[in-house]
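Visitor: Please put the chains on screen and take me through them by question and answer.

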Amino acid sequence: MSVAPPLLAVEGLTKSYGGIHAVRGVSFSLRAGEILALIGPNGAGKSTCFDMLNGQNKPDSGHVRLLGEEITGRKPREVWRLGVGRTFQITATFATMSVRENVQVALISHGKQLFNLFGSAPKFDRGEAGRLLELVGMGGYADRPCGELAYGDLKRLELAVALANQPKLLLMDEPTAGMAPRERVDLMRLTAQIAREKSIGVLFTEHDMDVVFEHADRIIVLNRGALIAEGSPAEVRGNPQVQAVYLGEGLVYDARHREGASA
Amino acid sequence: MAFYVAQFLTGLASAASLFLVASGLSIIFGVTRIVNFAHGAFYMIGAYIAFTLTERLSGAFGFWGGIVLAALAVAMIGIIVEMVLLRRIYHAPELFQLLATFGLTLMVEDLVVLIWGPDDLVGRRAPGFKGAIDFFGQNIPSYDLFLIVLGPVVLGILWLLFQRTRWGVLVRAATQDRDMVAALGVNQKWLFTSVFAVGVFLAALGGALQIPRDAVHHAMDLRIIVEVFVVVVIGGLGSIVGAFVAAVLVSELNAFGILIFPKISIILVFLVMAVVLIVRPWGLFGRPEAAARKTPGLTVNPWRPLTPNERLAALAALVIAATLPLFAGNYALTVGSEIAIFVIFAVSLHFLMSVGGLASFGHAAYFGLGAYGIAFLAKMAGLPMIVCLLLGPLLGCLGAAVFGFFAVQLSGVYFAMLTLAFAQIVWSIAFQWVDVTGGDNGILGLWPSSWAASPPHFYWLALGVAALVTIALRAMVFSPFGYALRATRDSTLRSEAIGIDAKRIRWTAFVIAGTTAGIGGALFAYLKGSVFPDNLGISLSVDALVMVLLGGVETVSGAVIGAIVYKALNIWLISQTDLSKLVLGGFIMLIVVVFPKGIVGMLEMLAQRRKKASPPASPLLAKPIESAE
């Protein structure tokens with residue numbers, strides 16, 4: 001047992017909706033700089049699990065600790081203040097504001113200037129907003145209205161917004177859903193690079209196994225609300241139970257790679 | 001005891017008509033998402049046409065036939081209105097439809113007087129229900145008993161219609177998710193039209209059935225529409241059963257409130273509505289509103305601070321306005337002052353509506369509170385004008401702080417309705433607490449100090465304050481707070497996820513808007529020299545909404561233009577014609593159809609188009625928006 005508490009420690013997380021046990025006693029932990037994938041079939045409880053980590057949803061029981069501090073049941077905005085950034089499965093951005101303004105709002109919040117009535121927001125941390133946008137490759141889009149962006153760009157913008165408060169932990173719910181294959185790889189490569197450079201822990205859910213196996217340091221597998229496997233990509237891929245409930249017997253991933261190699 | 005039973009039955013009888021009208025409004029809202037302000041107008045036309053028909057047609061058949069015919073005729077009018085007017089504006093910004101139906105209401109009010117005259121009309125008694133039944137010494141009109149039975153019967157018919165017919169299934173489906181229904185190949189146009197027709201039919205039937213009980217008059221639309229809003233909100237928007245239960249509840253509250261709490265009888269209903277909204281924001285039988293799906297590609301013109309040139313232009317306009325006393329007479333200056341005051345009022349609501357996305361239907365409450373603040377300070381404490389002007393708006397601020405705290409717990413239509421309820425509560429207090437407020441007689445004799453007494457001086461004062469307020473609020477739009485407020489409007493989910501406490505931000509905006517409105521009200525009290533309950537009444541709240549929508553709710557300060565155009569036109573029309581409402585209503589409807597983005601919104605769009613017409617650089621590299629600083 002290490003002495004320092006892990007970045008994120010989840011213990012016995014449980015949630016039911018009526019008679020349905022969406023999440024049953026899920027426990028796992030995450031180190032700083034580590035990229036952890038949460039996978040599982042539809043309805044496995046991934047999103048419920050996710051929402052309970054940053055306070056979007058309250059667990060029936062169990063604990064979520066950030067660097068040893070209890071954050072279970074805290075409001076999302078409080079969790080964010082502790083350094084947890086989040087992106088959503090269906091992007092949530094400020095549609096009538098420009099790309100830069102989207103980031104500036106996060107910076108304003110981070111700088112605790114939300115109730116500043118007479119400052120100039122267009123000038124607020126303009127440089128930092130620009131840097132964040134450059135970081136995610138959106139520098140050229142800073143003045144675009146956010147409502148005009150393509151979906152993949154919205155996902156990148158969300159990443160920039162999530163990075164605005166220099167988070168310790170990033171929660172990304174299906175970060176590449178709805179993106180073209182090429183964009184998926186780019187976004188996850190970018191995320192991984194940022195995470196390693198800044199030593200940010202990343203937890204993400206994903207259905208695209210290419211993305212998962214390529215970028216995750218570790219994978220946890222959820223089925224019917226319970227954790228059924230945990231380990232390195234190779235271990236999880238070889239786990240018969242995981243194959244049975246999720247990956248399938250045919251091993252799509254390997255098959256596709258073989259096909260790709262022969263082509 | 002018998003007396004209370006009789007009172008209870010009277011309440012039940014009133015509930016029938018209220019239920020008919022409310023269920024119609026509820027159905028229309030559920031499917032089309034239109035808050036049909038003209039519903040009261042349809043109710044009124046129903047009553048008038050039924051009056052004429054039942055007078056002309058004789059016998060029992062003539063009477064009942066006349067009632068049904070009247071409702072059918074009004075439903076036809078409703079179909080025409082839907083096809084000609086509403087169909088064009090379903091995709092306009094939310095609440096724009098409200099503006100259109102408000103314009104329609106204005107027109108109907110004048111048309112009704114034009115056709116049937118201004119006097120109250122007392123209709124025929126219903127054949128077969130002319131007498132009264134003796135109930136332990138209490139007379140209960142047999143027509144009341146008929147209505148008591150009719151309510152549940154209509155409820156049953158509607159229930160069958162919605163549960164057992166194909167049309168009803170479609171309506172219920174559309175109430176839940178109209179995009180999905182459209183995607184399934186249902187002809188939405190006709191579904192909307194038929195729903196509107198049924199809703200209007202119910203409203204008109206409710207009006208027609210009232211003739212044996214009440215005189216028909218040309219103000220019955222506003223009275224009923226407020227009550228119907230209350231019923232629909234308590235029952236839950238889109239719920240027919242809810243409308244029935246709430247109609248009974250409201251009618252009984254009215255029937256017994258006057259006996260038990262004669263002093264606060266009017267407040268009672270609104271108090272109940274406020275409590276229901278706070279405890280169960282979607283009403284007793286309603287469901288939480290699903291987040292409206294935003295039309296993709298729908299983007300607002302990006303907001304930016306004024307460029308130096310535009311600033312100069314605005315300054316020039318202000319300077320020109322300031323020269324008015326050099327060539328205009330006292331009357332024009334008084335009108336100018338009033339317009340300036342309404343600019344203050346309009347921009348305060350505009351801030352809340354367009355930046356915060358919070359459409360208050362009761363913004364006049366804070367305007368009026370500011371005015372009453374002046375009245376209390378000047379008349380009771382005898383303070384000088386300058387002190388009053390500084391302190392008076394604080395009453396608006398206080399009201400906004402208290403009511404705003406509850407209002408910002410809700411959003412969308414429910415927010416609008418709760419603010420309406422609060423405004424009515426304040427109005428009722430001003431109206432009924434005669435000892436303090438003077439009730440209907442108001443508080444008179446509030447004259448400005450000598451330094452501001454002459455029309456030119458007062459005009460400059462009003463203009464100066466209006467300019468300051470507009471500049472301050474505009475600066476706030478581009479302040480960190482303004483960005484945060486816009487953020488909460490665009491996505492609550494995202495703003496919460498980046499540490500923004502949306503409710504606190506909205507509450508702050510509400511207080512700012514309320515205080516600003518209070519400043520307008522304070523000046524208004526001095527301009528008029530008096531304060532009346534009307535200063536916080538519903539029609540003033542509606543005026544504010546109209547001014548904002550007219551200017552363009554998606555603009556930064558369109559309300560300035562909206563207020564000037566609306567108020568100037570209003571004052572001018574009243575001086576020129578007896579049919580000012582008819583003309584104004586027509587004008588509003590025209591604006592809605594031709595310029596759905598409001599006057600300023602349209603101008604911006606034209607400017608944008610011209611910019612785009614000029615040779616563009618490579619579209620990817622060029623900055624599409626110049627973010628001026």
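The questions and answers below go through each chain, then the contact between the chains.

Visitor: What kind of model is this, and how are residues and chains labelled?
Guide: This is a predicted model, in which local features need pLDDT of at least 70 and side-chain atom pairs count only at pLDDT 80 or more, while totals for chains, interfaces and linings use all residues. Residues are numbered from 1 along each chain as its sequence is written, and chains are lettered from A and ligands numbered from 1 in the order in which they are written.

Visitor: How many helices and strands does chain A have?
Guide: Helices (H or I, at least four residues) and strands (E, at least two) are DSSP runs, numbered from the N terminus. By that count chain A has ten helices and ten strands.

Visitor: Why does chain A count as being as compact as a globular protein of its length?
Guide: The C-alpha trace spans about 60 × 50 × 40 Å along the principal axes of chain A. The radius of gyration is taken over C-alpha atoms, and the globule rule is 2.2 Å times the number of residues to the power 0.38. For 263 residues the rule gives 18 Å, and chain A is as compact as a globular protein of that length because its own value is close to this, at 19 Å.

Visitor: What share of chain A is buried?
Guide: A residue is buried if 20 or more other C-beta atoms lie within 10 Å of its own, exposed if 12 or fewer, and partly exposed in between, with C-beta atoms placed from the backbone. Of the 263 residues of chain A, the buried share is 48%.

Visitor: Which residue stands opposite R65(A)?
Guide: Strand 4 (residues 61-66) of chain A runs antiparallel to strand 5 of chain A, and two bridges join them. In strand 5, the residue opposite R65(A) is E70(A).

Visitor: Which residue takes a positive phi in the hairpin of strand 9 and strand 10 of chain A?
Guide: Strand 9 (residues 218-223) and strand 10 (residues 226-231) of chain A pair in the antiparallel sense over five bridges. L222(A) has L227(A) as its bridge partner. Two residues lie between the strands, and the one with a positive phi near 50 degrees is R224(A).

Visitor: Which element gives the most to the side of domain 1 of chain A that touches domain 2 of chain A?
Guide: Domain bounds come from an automatic or database domain assignment, which gives chain A domain 1 (1-83 + 167-263) and domain 2 (89-164). Residues are in contact if their C-beta atoms, placed from the backbone, lie within 7 Å, and here the contact takes 15 residues from domain 1 and ten residues from domain 2. Strand 7 (169-173) and helix 6 (181-198) each give two or more residues to the domain 1 side. The most, five residues, comes from helix 6 of chain A.

Visitor: How many charged residues does domain 1 of chain B place on its side that touches domain 2 of chain B?
Guide: Chain B is divided into domain 1 (2-279) and domain 2 (321-572), and the contact takes 20 residues from domain 1 and 23 residues from domain 2. On the domain 1 side, helix 11 of chain B gives the largest share, eight residues. Ala, Val, Leu, Ile, Met, Phe, Trp, Tyr, Cys and Pro count as nonpolar, Asp, Glu, Lys and Arg as charged, and the others, Gly among them, as polar. By class, this side has 19 nonpolar residues, no polar ones, and of charged residues one.

Visitor: Is M83(B) buried, exposed or partly exposed, and what is the reason?
Guide: M83(B) sits in helix 3 (residues 59-84) of chain B. T193(B) is 110 residues away from M83(B) in sequence and 7.0 Å away in space, C-alpha to C-alpha. Because M83(B) has 14 C-beta neighbours inside 10 Å, it counts as partly exposed.

Visitor: Which helix of chain A gives the most to the side that touches chain B?
Guide: The contact takes 37 residues from chain A and 33 residues from chain B. Helix 2 (76-81) and helix 3 (99-110) of chain A each supply at least two residues. The most, six residues, comes from helix 3 of chain A.

Methods
Contact = placed C-beta atoms within 7 Å. Pairing = 2+ DSSP bridges.
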